[in-house]
Amino acid sequence: MLLTIAAPMPASAAAAMDEAEEAREPTPIEIAMRSVVTISYGAEEDDPDGSGFVAHSSGIIVTNTHVVPRAKGDAVRVTFREGMVYDGTVIGRDPRTDLAVIRIEPEAALVPLKLAPTSKAGLGTKVFALGNPMGKRFSVTSGIVGGYDRAYDAVWPVPFLQHDAALNPGNSGGPLIDERGRVLGVNTATPPETLFDMGIGLAIPVELVAKLVPELVAQGTIRRGALGVKVSSADSQIAAALGAGDRKGLLIDEVLPDGAAAKAGLEPGDVILELDDQPLLLARDLSLALLDSRPGETRTLTVFRDGREVTQEITLGLDDPTTGEVGRVATLSLYPTEDSGKDRAFGLRFDKRDGAIVVASVEEGSTAQLYGLYEGDRILAINGKPAGEVGSFTAEVGGMMGDVVVLRVQREGMGTFHVALPLSASAAESRRPGDQKRFPQGPL
């Protein structure tokens, strides 16, 4: 086979190509990349912890809270594509929405990215994710808008914009832009079942960014109203076990001392059915309902307690998302063993101490162990009835009807939470596996 070797390009032709390359106008994506930064706690040569972008010419950088997880006031290193490196300071964080802001002191005014309403980006709109995935600095991936109002975790109150531009570790905090280089959102996560790109990316919509960033710059935090409770979802099986019939809602796991709920007389075991006449089925519903609230506002709650519905007004306190975690009712899809005796079926032995039932031992491989009960756990209530009034766990559970038994459990260092144990194999089979991962979201 004859190989043909191309003759060297004449110098004049090469020069002409160089001139043409220099004359080429930068694309909107390239222009936008000039306002994208890497963010790192380490030295300049270290892999960046995440991405960010210029939101104001004075030196305001937007990123994710999980990119800057340390305290407000921390120093970070901010690097631009053109090579400028600045020492930045974290001046605001909102763990609820995963937004954070950094301030740098540039020598000259920076060029901020323009914002575009996500409502103008219809399904199928072309989008680009700018950032620093896997240490590949200042990279771009592309995709389309795939959906709106997506949930990431049951308690994260953000109506995420879904897209399929590849996101990988390091993309967090970078902008999602349209073909004109305008920001549609802040890239934050992939679904919790994934670690790397699986074709579903989630971005905080720009409308929420535009609303919260000025407050974060001015105050360093978002002064949001809160009930002062930890809650978990009470599905139909759990609600029925608590005597609430078909009233689904949010089961109060714990009431914070001196919080709004405590002052209003709410108690663990109460089921919150509605807030301002809006049904609440998931912890995320409550988070979303309180997202724009402020301390001191009065809201109306409908609560199921002691066999009846109660409607009352409550004055919101100050939200502190750093004080703990939102609880979850354990809902693993597991079969109870078929041992005789309900207590043996769960794999538990009990002692009674100080008006509570205390777990003395948990059998290896039992339902109780798989649902997360431990030796030393105090069972404060069974289906909403104080454990101190229960003469025998076996007698109490053995006489129960329904699909599950709901235990309110107290554990040292974790506060109180609820565990729902199925009373039959069929009930266990019908319960979907629950995500046991706990995110650092505080009481609502």
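Lys211 forms a salt bridge with Asp292, the closest N and O atoms lying 3.4 Å apart; a salt bridge is taken here as a side-chain nitrogen of Lys or Arg within 4 Å of a carboxyl oxygen of Asp or Glu. The pair links distant parts of the chain, with Lys211 in helix 3 (residues 206-219) and Asp292 in the loop between helix 6 (283-290) and strand 18 (298-305), 81 residues apart. Helices (H or I, at least four residues) and strands (E, at least two) are DSSP runs, numbered from the N terminus. Lys211 is partly exposed, with a relative accessible area of 46%, and Asp292 also counts as partly exposed, at 47%. In these terms, buried means under 20% relative accessible area, exposed over 50%, and partly exposed in between (1.4 Å probe, protein chains only).

The model is predicted, so that local features need pLDDT of at least 70 and side-chain atom pairs count only at pLDDT 80 or more, whereas totals for chains, interfaces and linings use all residues. Residues are numbered from 1 along each chain as its sequence is written, and side-chain values use heavy atoms, with hydrogens and water left out.

The protein chain contains 10 helices and 26 strands. Of its 444 residues, 49% count as buried. Among contacts between residues at least 6 apart in sequence, 62% join residues at least 24 apart, a contact being heavy atoms within 4.5 Å.

The count of salt bridges comes to 12. One of them joins Arg96 to Asp319, with the closest N and O atoms 2.8 Å apart. Here too distant parts of the chain are linked: Arg96 lies in the loop between strand 5 (85-94) and strand 6 (99-103), and Asp319 in the loop between strand 20 (317-318) and helix 7 (342-346), 223 residues apart. Both Arg96 and Asp319 are buried.

A further salt bridge is formed by the side chains of Arg299 and Asp276, at 2.5 Å from N to O. Arg299 belongs to strand 18, while Asp276 is in the loop between strand 16 (271-275) and strand 17 (278-279), and the pair links distant parts of the chain, 23 residues apart. Arg299 counts as buried at 14% relative accessibility, whereas Asp276, at 29%, counts as partly exposed. Salt bridges that share partners join Asp276, Glu297 and Arg299 into one network.

On a 1 Å grid over the protein atoms alone, a cavity is a set of points where a 1.4 Å probe fits but cannot get out, and lining residues have an atom within 4 Å of a point. Grid points are joined across faces, edges and corners, and a volume is the space filled by probe spheres set on the points. By this rule there are 2 cavities of 30 Å³ or more.

The largest cavity holds about 60 Å³ of space. By class, the lining of the largest cavity has 5 nonpolar, 2 polar and 3 charged residues.

The structure holds 1 aromatic pair. The ring centres of Phe80 and Tyr86 are 5.9 Å apart and the ring planes stand at 85°, so the pair is edge-to-face. Rings of Phe, Tyr and Trp (its six-membered ring) pair if their centres lie within 6.5 Å; planes under 30 degrees apart count as stacked, over 60 as edge-to-face and the rest as tilted. Phe80 is buried, with a relative accessible area of 2%, and Tyr86 is buried at 8%.

Finally, Arg349 lies in strand 21 (residues 348-353). Leaving aside neighbours within four places in sequence, Arg349 is in contact with Val358, Val359, Ala360 and Ser361. Arg349 and Glu375 are 26 residues apart in sequence and 9.1 Å apart in space, C-alpha to C-alpha.

Technical notes: 1 Å grid on protein atoms, 1.4 Å probe; cavity = no way out; pocket = protein on both sides within 12 Å on 5 of 7 lines; lining within 4 Å. Nonpolar A, V, L, I, M, F, W, Y, C, P; charged D, E, K, R; others polar.
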